[in-house]
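Visitor: Hi, I've got a structure open and I'd like to talk it through. Can you take a look with me?

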Amino acid sequence: MTLKQRLQQPEALLAPGVYDAFSALIAEQAGFEALYLSGASIAYTLLGRSDIGLTTSTEVANTLAHITDRVRLPVIVDADTGFGNALNTQRTVREFERAGAAMIQLEDQTFPKRCGHLDGKGVIPVAEMEGKLRAALDARRSSDTLILARTDAVAVEGFDAALERAERYLACGVDALFIEAVRTPEQMDIACQQFAQRIPMLANMVEGGKTPVQSAQALGQRGYKIVIFPGGTARAVAHTLQGYYASLHQHQTTLPWQAQMLDFDGLNAVLGTPELLAEGAKYE
């Protein structure tokens, strides 16, 4: 089933955040139907840096290619601002589509961008973003490669202005809308009342962010079609690693932590090592 077909179904689609092929594989094994490749989480894990626009389109494309080579689930990929102007955006779309993206998210922040839940954001003029979205739509080879338009205007120009921008972006012909960092459930309802009957809406759940965290089921009842928890994976991994490294440093061995980790065979089972070796044996 393509992502476009899945979005025709009534239930909201829950897509967990992933940042590499390893996290994507484990998410697939957990039973999810789609994945969200978080630009922020790539910055966290690949660079050890904050989400302030330091990653490049090539780094994201390479990460995406590794993921789509390993898992079969559709991947929604965070393309930030398109990494430049309309022509940069076209190159980004072509590159991400070749790497296997099912949906490409583009936002209207100034470049370099920053996390949607950090203060100090800026947004480009509406007309400039409309041009970038039209360029993105023209660049894709297949209409099954969906374009998601995100606006960060709530924090910069206010909620009403964000709704106006979303209306303009919808008119460009995009496949889904994402109004970032809405502040209240009431704002969520207003946005869904205006758009949800016409186009899939995405809700972004950031633990400790500006939007109240809710379940995918509750958000689906409000009218959202896609629900992402983009950075939760990296935050959970960071918390686990803090405990693991602290224990190893204190005890000088992993023995106290072994009940909370996979052993050698357990990890190889997750990775599919026996199956991979059997596959290789066919060619000997």
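Visitor: Let's jump in. Which helix gives the largest share of the lining of the second largest pocket?
Guide: That's helix α3, residues 39-47, which supplies 3 residues of that lining. Keep in mind that this is a predicted model.

Visitor: OK. How much space lies in that second largest pocket?
Guide: About 200 Å³.

Visitor: And which residues lie nearest its centre?
Guide: Ala40, Asp51, Cys115, Asn204 and Pro230, out of 20 lining residues. By class, the lining has 8 nonpolar, 6 polar and 6 charged residues.

Visitor: What about the largest pocket, what volume does it have?
Guide: About 680 Å³. It has 20 lining residues, and the closest to its centre are Phe22, Ile26, Val237, Thr240 and Leu262.

Visitor: Which elements each supply at least two residues there?
Guide: α2, α10 and α11 do. The largest share comes from α10, with 6 residues.

Visitor: How do the residues of that lining divide by class?
Guide: The lining of the largest pocket has 14 nonpolar residues, 5 polar and 1 charged.

Visitor: Switching topic: how does one even look for empty space?
Guide: Rolling a probe the size of a water molecule over the atoms shows where empty space is left.

Visitor: What lines it?
Guide: The lining is Phe178, Ile179, Glu180, Ala181, Val182, Met188, Leu202, Ala203, Asn204, Thr211 and Tyr224. Two elements give two or more residues each: β6 (176-179) and β7 (201-204). β7 gives the most, with 3 residues. By class, the cavity lining splits into 8 nonpolar, 2 polar and 1 charged.

Visitor: Back to helices. At what angle do α2 and α4 pack?
Guide: About 35 degrees, with the axes 9 Å apart. Here α2 is residues 21-29 and α4 is residues 57-70.

Visitor: Is the crossing left-handed or right-handed?
Guide: Right-handed, as α2 passes α4.

Visitor: Which residues meet there?
Guide: From α2 you have Ala21, Ala24, Leu25 and Glu28, and they meet His66, Ile67 and Arg70 in α4. That contact is made up of 4 nonpolar, 1 polar and 2 charged residues.

Visitor: Last topic, rings. How many aromatic pairs does a search of the whole structure find?
Guide: There are 3. One of them is Tyr244 with Trp257.

Visitor: Why does that pair count as edge-to-face?
Guide: The ring centres of Tyr244 and Trp257 are 6.4 Å apart and the planes sit at 70 degrees. The cut-off for edge-to-face is over 60 degrees, so this pair qualifies.

Methods: Residues are numbered from 1 along each chain as its sequence is written. This is a predicted model: local features need pLDDT of at least 70, side-chain atom pairs count only at pLDDT 80 or more; totals for chains, interfaces and linings use all residues. Side-chain values use heavy atoms; hydrogens and water are left out. On a 1 Å grid over the protein atoms alone, a cavity is a set of points where a 1.4 Å probe fits but cannot get out, and a pocket is an open set with protein on both sides within 12 Å along at least five of seven lines; lining residues have an atom within 4 Å of a point. Helices (H or I, at least four residues) and strands (E, at least two) are DSSP runs, numbered from the N terminus. Ala, Val, Leu, Ile, Met, Phe, Trp, Tyr, Cys and Pro count as nonpolar, Asp, Glu, Lys and Arg as charged, and the others, Gly among them, as polar. Axes are lines fitted to C-alpha atoms, for helices over the stretch in contact, and angles run from 0 to 180 degrees between N-to-C directions. A crossing is left-handed if the near helix is turned anticlockwise from the far one by less than a right angle, and right-handed if clockwise. Contact means heavy atoms within 4.5 Å. Rings of Phe, Tyr and Trp (its six-membered ring) pair if their centres lie within 6.5 Å; planes under 30 degrees apart count as stacked, over 60 as edge-to-face and the rest as tilted. Grid points are joined across faces, edges and corners, and a volume is the space filled by probe spheres set on the points.
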